Amino acid sequence: MPQRYNQKTVNNFVKGLITEAGEMTFPDGASVDELNCELKRDGSRRRRLGVSKEQSFVDSTFTVSSTEVVHSGSWINVAGVSGLEFLVIQKGHHLYFYNKAELPYSNTQKSFSIDLQTYEHTGSAGAENYKCQFASLQGYLVVSSGGINTIYIEYTESTDSISVSTISHRVRDFEWQGEKDTYDETASLVLAPNKAAWREYDSYNSAWSGTDGKTAYDDWVTNESSYPPITHPWFSGKDTSNNYSRTEWKKVYSGTSIAGNGHFILDFFTKNRKQYIGNNTYLPDEVESSRFKSVAAFAGRIFYAGLESGQNSGAILFSKVIENEKDFGTCYQVNDPTAEYLSDLLATDGGVIQINSAVNIKLLYPFQTSLFVFAENGVWQVIGVDGIFSASAYALNKVSDVGIDSAESFVSVEGIPIWWSRYGIHTIQFDQVSGQASEQSISLPTIQSYWEDIPAASKSDCFGVYDSIGKEVYWFYKTEDETNVNKYNEILVLDVALQAFYPWRISDQTSNTDYVAGAAFYPSFGAEELDLNVTTTAGDNVVTSAGDNVVSTQIRQFTRDTAAIVLLIVDGSTGYMTMGGFTDTSFYDWGDANYESYAETGYDFIGDAVLKKNAPYVAVYSRLTEEGFTFTGSSYESIRPSSLLVSAAWDFDREFPAGQQAYRLKYPVVVDEDNLDVYNYPESVITTRLKVRGHGRSMRVKFSSEEGKDFVLIGWSMIQAANTRF
């Protein structure tokens, strides 16, 4: 019986890796397995470029060991200069700075650095054991870490130097020290020493303080031989002369209500209350031994969170609206809440937000009118009322019970957060009416099985970088057996436009291999400092008394041709750090380490799951990649040659036979010795027809690379033949 023929064309093999589909339900355009390919939005896929150091790279002034933490962040709008941005690299307990200026990126290291050990707090486990977080506001950089007291950095352009200051966080004391449920009554002066100290402090903190308040307090104690009730402030009982009167005060009925407190402003980390009652030792200091791990700039303020104590793990401090650097630690109501006049809470004030159910807050993220709080056990949304956050009006919304595993896994994609939890990869959707957010898993319908196979330790230590020009997210993580704490050789890429995941793996050299320790996105614009000689109107250089030229430092803004994901690369032999990227067109990692690129299609039943089929011919379309020639001394070799191997597996066979070459040039190319930059081939697309052997009910195709060569797969078309009977 004659076979039934059908023709199938595939030109959209760019849906990425899918692991959450079965053999009978696999979607077209997706891959069952793949590695080291780059998906293009024109429907093609290309072999990724090799990893290499940048041209004319410069080594850092510091070395990196295999046990020191390496982490990076950004300082934007440095010193208030638009476009001036520094890359901040944490290496152990040091911070180093690079200007995100022109090539080579590695040649912009600043001469200054910071030793974080200087700012360690008492009982710190060491600044080198915590990854810093950074927030930029009004030209300053605020740095937080669980190992240090929070600091802010100021940059001075004229001297190309920085200054560092510690932030002192201050809050109003709204905590009652004694038994508040008895404070509506007088209390005997003969109290236990600790209760006497509590009662005295709570009275002072509730407006029975200051010159007039203390006079009123002493008057009551002397004449009543008891502590006054803390039901209303002393100024509630004034006579016709506007003076305190015990008699008039007693006439004010307040029932069992308790007066407001918060007169005293205390250091948040060491609340020394006894200083206000004669250093009474029965009122010990309240010490917070942990420090803020997370910091963010939002609504013109700085927010702090991430304490690890039981009492304050859910506390989020926020400063008043910043007017100058002195406001960074002003986390309290400016007006005294116990004052007779001007006691109102202002919209611009600082304060404390308590999320009592939050465990181990790891990240604060501001977006539009909301501040998102990412903790180990969930995500919360602090919402400004009518689009404006203020100390006097905000709402709190629980977004999800799914928290964040690694704070560094978080990326902002055009403002939309994406992060890794213990259960998958997640994002947030917003209700168009209420503006409230809800969590959605993006790995569950796509690559959940692949994600679950990543070792737990690797997930907890991964970091993400977003390319806002290419619209791609890169998550870097380690292989399971990797002992170098800074070596990241596995990458999961998410193309946001295609909504496609695909994995990369960086190969090692045979010995003392270089490795990737971090990455950062460099935009296509920036600014750099220029030292210019100061001249007179006549054009002569102005000199100092010592004969040196007077120099003026000025900022030049610029635009580069392209944006880039810049890799922080550690030399495996010397330990020095430099920079590079996926730029090697010889298609070797580090110049000599081969890596495999391949992609396997899903199961194609060719419209029938019963009859056996074959595919006599397949035509493969590849883009010409050669860009010219280079002379090796004895012959001419093409630049960036391609090779694409194609093989087919039938039914559910996991093994593929040896591949056939699908990149065949049909015409000879003549070398123009006078212009080696020209590859004079008459066609831009290479079309090759292959005969495919084998038969079965379903078919899979594998496209793979050849060592040291490129490929750009545009698509393919095949003749499919089905038997008319099984």
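E600 lies in strand β41 (residues 598–601); helices (H or I, at least four residues) and strands (E, at least two) are DSSP runs, numbered from the N terminus. E600 is buried, with a relative accessible area of 9%, where buried means under 20% relative accessible area, exposed over 50% and partly exposed in between (1.4 Å probe, protein chains only). This is a predicted model, in which local features need pLDDT of at least 70, side-chain atom pairs count only at pLDDT 80 or more, and totals for chains, interfaces and linings use all residues. Residues are numbered from 1 along each chain as its sequence is written, and side-chain values use heavy atoms, with hydrogens and water left out.

**Surroundings of E600**
- Not counting residues up to four places away in sequence, E600 touches F13, A30, S31, V32, D33, F656, R700, V701 and K702; contact means heavy atoms within 4.5 Å.

**Chain and confidence**
- The chain has 726 residues, of which 53% count as buried.
- Five helices and 49 strands make up its list of DSSP elements.
- Along the principal axes, the C-alpha atoms fill a box of roughly 115 × 85 × 45 Å.
- Among contacts in the chain with a separation of 6 or more, 63% come from residues 24 or more positions apart.
- The average pLDDT is 91, and 93% of the residues score at least 70; pLDDT is the predictor's confidence in each residue, from 0 to 100.
- Residues 556–561 have pLDDT below 50, and this stretch has 26 contacts in the model beyond near neighbours in sequence.

**The sheet around β22**
- An open sheet is formed by four strands in the order β20-β21-β22-β23, with antiparallel pairing; two strands pair if DSSP finds at least two bridges between them.
- β20 (294–298) and β23 are the edge strands, each pairing on one side only.
- From one strand to the next, the twist averages 25 degrees, with axes being lines fitted to C-alpha atoms (for helices over the stretch in contact) and angles running from 0 to 180 degrees between N-to-C directions.
- Strand β21 (residues 301–305) pairs with β22 through two bridges, in the antiparallel sense, and F303 stands opposite F318 in β22.
- On the other pairing, four bridges join β22 to strand β23 (residues 351–354), also antiparallel.
- The bridge partner in β23 is V352 for L317 and I353 for I316.
- Strand β22 (residues 315–318) is covered on both faces: A315 and L317 on one side, and I316 and F318 on the other, are all buried.

**Nonpolar cores**
- The largest nonpolar core has 23 residues, and V51, F476, I491 and L567 touch the most other members; a nonpolar core is a set of buried Ala, Val, Leu, Ile, Met, Phe, Trp, Tyr and Cys residues joined through side-chain atoms within 4.5 Å.
- At least two residues of this core come from each of β32 (463–467), β33 (472–477), β34 (490–495), β35 (500–505), β36 (515–522) and β39 (564–570).
- Leaving aside neighbours within four places in sequence, V51 is in contact with I506, V516, L567, I569, G581, F582, D584, Y588, D589, W590 and G591.
- A second, separate core of 22 residues includes L84, V88, F97 and F134.
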